[in-house]
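Hello,

Here is the structure I promised to pass on. Please have it open while you read; my notes follow below.

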Amino acid sequence: MDGTGWWPRGCFASRLVHIYVHVPFCARRCSYCDFAIAVRREVPSDAFASALLAEWAGWQSHAWWADSPRIASIYFGGGTPSRLASAALTAILDRIRADRPVDADAELTLEANPDDVTPESAAAWAAAGINRVSLGAQSFSPPALEWMHRTHSAAQIAVAAQTLQRAGLLNWSLDLIYALPASIPRSWPGDLAQALALGPKHLSLYGLTVERGTPLGRWTARGESLPAPEERAATEFLLAHQLLAERGFEHYEVSNAALPGHRARHNSAYWHRRPFIGLGPSAHSAMGRFAAGTCENGRTTAGGAKPAARSGRRPKPCPQTRLPSRSFTWACVPGKGFPRHGFRWRIPGAGKRPAGPSRAGTISRLRPRVGSGSMRWWPA
Ligand code: SF4
């Protein structure tokens with residue numbers, strides 16, 4: 001067990017680690033979204049990168065790095081990471097690469113909204129090392145996009161896809177949402193056809209859920225919006241499954257389908273309970289209970305169960321399996337979960353609070369603290 005009591009030292013099946021970076025900024029809140037975001041006209045990219053790298057620096061003394069695991073994937077999720085200035089993105093990636101070994105073929109993903117994809121931004125992302133982009137399209141229907149409060153048009157989705165490809169970012173994914181209320185004029189088969197016509201390597205398909213506290217939650221509570229019945233959600237899901245299978249996609253996870261060789265390695269790591277480190281205000285880190293390898297005499301068996309099997313001994317479960325499956329390293333959750341309207345932030349030495357509204361309930365300051373070997377971001 002390391003000094004923090006979180007995870008047993010050196011008992012992972014894989015000496016690979018995955019990094020998730022939460023970039024909370026969005027231009028506006030989508031009608032269905034209850035993610036931990038900060039609506040910002042101007043993104044405080046430099047301050048954010050500084051705070052994030054302070055958190056990363058806090059991780060460097062953690063005993064878990066003792067066996068020098070390699071980084072297999074880095075995922076910038078949001079929020080809308082494409083709103084982060086390219087220089088900040090580059091600074092974060094450069095620092096991670098300088099501090100820890102990153103696999104030569106590591107998957108480096110950036111979530112992007114179509115209206116943020118320009119020739120300049122795409123080129124900068126590629127130059128920074130991003131090799132996979134996840135585009136939040138959701139629908140090609142103008143009324144549906146308007147109803148969702150999306151910031152982009154249907155035409156911008158196609159332009160973004162072409163722009164990514166011209167920048168050499170060929171491995172890109174598209175998000176779509178199904179099971180919209182019947183009152184929203186959208187054709188699910190039509191959206192699927194338009195998405196496939198753009199040539200994505202990967203599709204993420206999410207069934208719409210109604211979350212309390214969102215505009216959609218309020219519309220639904222007032223009876224102004226009726227959720228799609230389960231039967232239609234199932235029909236749309238199965239239709240997508242059939243169509244994608246016909247087009248050679250592997251529906252490898254309930255919400256994700258990919259052409260062969262293009263499964264999201266980062267996302268798959270979660271399902272395989274690989275260890276991952278979360279950085280940023282709403283990220284958490286975890287040791288997957290079943291990612292734990294087998295231990296021989298209390299020591300790591302490099303490569304997991306195989307060496308133990310070769311030795312003729314029955315692999316013993318790593319003591320890690322007796323621990324809770326997840327260890328949250330980030331503790332910004334006062335009461336019951338992340339405050340719906342954000343958090344407050346304070347960056348020591350970063351000067352004044354970032355530009356933008358500072359009313360209670362919005363992200364105004366971050367206050368990273370060192371704790372248990374990692375930097376924690378607390379609500380101020
Ligand atoms: S862009 Fe994404 S994270 Fe931001 S509000 Fe919309 S759905 Fe939520």
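Strands β7 and β8 (residues 202–207) run parallel and are joined by 6 bridges. Leu176 has Leu205 in β8 as its bridge partner. Between β7 and β8 the chain passes through helix α6 (residues 188–197), and this β-α-β crossover is right-handed. Bear in mind that this is a predicted model.

β7 also pairs with strand β6 (residues 132–138), again in the parallel sense, over 5 bridges. There, Gly136 stands opposite Asp175 of β7.

How many of the 7 residues of β7 are buried? The count is 7 of 7 for residues 172–178, so the strand is largely enclosed by the rest of the structure. Both faces are covered. One side has Trp172, Leu174, Leu176 and Tyr178; the other has Ser173, Asp175 and Ile177.

Gly136 turns up again at the ligand. The residues around the ligand include Gly136, Asn113, Thr80 and the pair Gly78 and Gly79. Cys26, Arg29, Cys30, Cys33, Phe35 and Ile37 are also among them. The shell divides into 5 nonpolar, 5 polar and 1 charged.

Now helix α3 (residues 119–128). Its buried residues are Ser121, Ala122 and Trp125. They cover an arc of only 100° around the axis, which puts them on the same side of α3. The buried residues pack against α2 (86–99), β5 (102–112) and α5 (154–166). Pro119 and Glu120 are exposed, on the face turned away from the buried side. Just after α3, Gly129 takes a positive phi of about 115°.

Best wishes

Technical notes: Residues numbered from 1 in each chain as written. Predicted model: local features only at pLDDT ≥ 70, side-chain atom pairs only at ≥ 80, totals over all residues. Near = placed C-beta within 6 Å. Nonpolar A, V, L, I, M, F, W, Y, C, P; charged D, E, K, R; others polar. Buried ≥ 20, exposed ≤ 12 C-beta atoms within 10 Å, placed from the backbone. Helix = DSSP H or I, 4+ residues; strand = E, 2+ residues; numbered from the N terminus. Pairing = 2+ DSSP bridges. Right-handed = clockwise from strand over helix to strand, strands pointing away. Arc of directions from axis to C-beta. Contact = placed C-beta atoms within 7 Å.
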